[in-house]
Amino acid sequence: MPTWNYLRLGEWLNQANIRLAEAGIENSSIDAAYLLSYVTKIPHLQLTLQTNQILTNAQKNKLELILERRINREPLQYIMKSVDFHSLSLHINRNVLIPRPETEFLVDLIIRENINPTSILDIGTGSGAIALALKHAFPDANVIGSDISLSALRMAIANARRLKIHVKFKKSDIFSSITGRFDIIVSNPPYLTSEEFLETAPEVKCFEPKIALEAANNGLEIYQRILQKAQEHLNPKGMIYFEIGYQQAKSISFLAQKYGFTHMDKRRDLNGFDRYFIIRM
């Protein structure tokens, strides 16, 4: 085995892959490539063309530190401090949930099903992913992202400034600081039960903010609180879009009817699970 003083990119990739796999990391070779790309600034798809390049001492030291973090199951996105979401590069930290591909599909649904909405409210905005993506798609819309967490809002505001996308962000417990009505209300709220949260992977339960993942009332608390007041904040023909747990569609349908909604639909994700719930005024 070569010493650290003469380690090449390809040799580091092989060693990192082995160590990650031994730690139980799925897709260990992919994670190793992303970590190496992050440190060397070489696009990960081009690493195979430069496997003989010698790593500097500074690169080796940084690689060892972040490899150890990944072995300890810290998510790759937090280590790299960024994630790509709907063509936008978002900065993230452990104060915000890592945006998922399922949530990108939620944004796609809204874009496909709406023509030039004038006003959009994203409840539980986190990093600002949904709000920023929708403002990017509908530049003339008035978009507000709300969150109860000041730490999350600071990250969302920083992303908006860096991307030069004008979204208003407000600290609000659901509708507590929200005025006016909207064409679209969208939310990917916490929806895991306590039991489901405990069963998540170490990357989730040990690193991502619990407040953004787990909810009371069998995971339904935030949906119920939104639906209680939603009619006061929706324009005529306004729409609500939820990302939901795969077993929650029936319960959310019951809640929607309880609070006076009659026009509802659901959509499946790419794995065939009920993942999106749509409510119309």
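**View 1. Helix α5 crosses helix α6 in the right-handed sense.** The model shown in this and the other views is predicted. The axes of α5 and α6 lie 10 Å apart, and the two helices pack at an angle of about 35°. On the α5 side, the residues that meet α6 are Thr-103, Leu-106, Val-107, Ile-110 and Ile-111. Their counterparts in α6 are Ile-130, Ala-133, Leu-134 and Ala-137.

**View 2. Helix α5 has a buried face.** The helix covers residues 101-113, which makes 13 residues. From first C-alpha to last, α5 reaches 19 Å, close to the 18 Å expected at 1.5 Å a residue. Five residues of α5 are named here as buried: Thr-103, Leu-106, Val-107, Leu-109 and Ile-110. Viewed down the helix axis, these buried residues fall within an arc of 150°, so they line one face of α5. Pro-101 and Arg-112, on the other side of α5, are exposed.

**View 3. Helix and strands cover the buried residues of α5.** The cover includes helix α6 (129-137). Strands also contribute, among them β1 (82-85), β6, β7, β8 (263-268) and β9 (274-280). Of the α5 residues that are buried, Thr-103, Leu-106, Val-107 and Ile-110 are among those that meet α6.

**View 4. Strand β6 pairs with β3 and with β7.** Strand β6 spans residues 182-187 and is mostly covered, with five of its six residues buried. Its pairing with β3 (residues 119-123) is parallel and is made over four bridges. In this pair, Ser-187 of β6 stands opposite Ile-123. Strand β7 (residues 234-243) also runs parallel to β6, and five bridges join the two. Here Phe-182 stands opposite Leu-234 in β7. Both β6 and β7 are included in what covers the buried residues of α5.

**View 5. Gln-59 is a buried residue of helix α3.** The helix that holds Gln-59 runs over residues 57-71. Gln-59 has a relative accessible area of 16%, and the cut-off for buried is under 20%, so Gln-59 counts as buried. Neighbours within four places in sequence are left aside in this view. The remaining contacts of Gln-59 are with Val-39, Thr-40 and Ile-54.

Note on methods:
Residues are numbered from 1 along each chain as its sequence is written. This is a predicted model: local features need pLDDT of at least 70, side-chain atom pairs count only at pLDDT 80 or more; totals for chains, interfaces and linings use all residues. Side-chain values use heavy atoms; hydrogens and water are left out. Buried means under 20% relative accessible area, exposed over 50%, partly exposed in between (1.4 Å probe, protein chains only). Contact means heavy atoms within 4.5 Å. Two strands pair if DSSP finds at least two bridges between them. The expected span of a helix is 1.5 Å times one less than its number of residues. The arc is that of the directions from the helix axis to the C-beta atoms. Axes are lines fitted to C-alpha atoms, for helices over the stretch in contact, and angles run from 0 to 180 degrees between N-to-C directions. A crossing is left-handed if the near helix is turned anticlockwise from the far one by less than a right angle, and right-handed if clockwise.
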